[in-house]
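Here are my notes on this one, point by point. Have the coordinates open while you read.

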Amino acid sequence: MDELIKILQDLKPGIEFTKDTKLVEDKIFDSLSMISLISEISNEFDIEISPVDIVPENFATVETLYNMIERLADED
């Protein structure tokens, strides 16, 4: 989780990220910054995030995002 928080803070400095932070609903990440986020996560965690995984439920909060990362890492 710490690695994910670091990525989020690097992309959006000044935001206090907790596991309940609403990433899309609170408009912290828009579509363009989401592309950067997906790229950073893919590189850091060595996972492939397919279009099927790019759904609001997976990017709703830091916790749901981390759960997706863990699931994708387990699939490799």
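1. Conventions first. Helices here are DSSP runs of H or I with at least four residues, strands are runs of E with at least two, and both are numbered from the N terminus. This is a predicted model, with local features requiring pLDDT of at least 70, side-chain atom pairs counted only at pLDDT 80 or more, and totals for chains, interfaces and linings using all residues. Residues are numbered from 1 along each chain as its sequence is written, and side-chain values use heavy atoms, with hydrogens and water left out.

2. Two backbone angles to look at. D46 sits in the loop between α2 and α3, and its phi is near 50°, a positive value in a residue other than glycine. K27, in the loop between α1 and α2, also isn't a glycine and has a positive phi of about 60°. For background, most residues other than glycine have a negative phi. D46 counts as exposed because its relative accessibility is 64%, and K27 is exposed at 71%.

3. The core. A nonpolar core here is a set of buried Ala, Val, Leu, Ile, Met, Phe, Trp, Tyr and Cys residues joined through side-chain atoms within 4.5 Å. The largest one has 21 residues, and those with the most contacts inside it are L4, L8, F17, F29, L37, I41 and L65. The elements giving two or more residues to this core are α1 (2-11), α2 and α3 (62-75). The largest share, six residues, comes from α3. As a general matter, nonpolar side chains tend to be buried together in soluble globular proteins.

4. Contact means heavy atoms within 4.5 Å. Not counting residues up to four places away in sequence, L8 touches F17, F29, L37, V62 and L65.

5. Which residues of α3 are buried? They are V62, L65, Y66, M68, I69 and L72. Seen down the axis of α3, these buried residues fall within an arc of 155° (taken from the directions from the helix axis to the C-beta atoms), so they line one face of the helix. What covers them includes α1 and α2. The face turned away from the buried side carries the exposed residues D74 and E75. As for geometry, α3 has 14 residues and reaches 20 Å from its first C-alpha to its last, close to the 20 Å expected at 1.5 Å a residue; the expected span is 1.5 Å times one less than the number of residues.

6. Salt bridges. I count a side-chain nitrogen of Lys or Arg within 4 Å of a carboxyl oxygen of Asp or Glu, and the structure holds three. In one of them, D10 pairs with K6, with the closest N and O atoms 3.0 Å apart. D10 and K6 are four residues apart in helix α1, so about one helical turn separates them. D10 is exposed at 52%, while K6 is partly exposed at 47%.

7. D53, R71 and E75 are linked in a network of salt bridges. R71 and D53 have their closest N and O atoms 3.2 Å apart. That pair links distant parts of the chain: R71 is in helix α3 and D53 in the loop between α2 and α3, 18 residues apart. For E75 and R71 the closest N and O atoms are 3.4 Å apart.

8. Buried or exposed: what is N58? N58 counts as buried because its relative accessibility is 15%, and it lies in the loop between α2 and α3. A polar atom of its side chain is 2.7 Å from the backbone oxygen of D53. Leaving out residues up to four places away in sequence, N58 touches D53, T64, L65, M68 and R71.

9. Last one: S42, in helix α2 (residues 31-45). S42 counts as buried, at 18% relative accessibility. Beyond its neighbours within four places in sequence, S42 is in contact with I47 and I49.

Definitions and conventions. Buried means under 20% relative accessible area, exposed over 50%, partly exposed in between (1.4 Å probe, protein chains only). A polar contact is a pair of N or O atoms within 3.5 Å; within protein, one must be able to donate a hydrogen and the other to accept it, and residues adjacent in sequence count only if both atoms are side-chain atoms.
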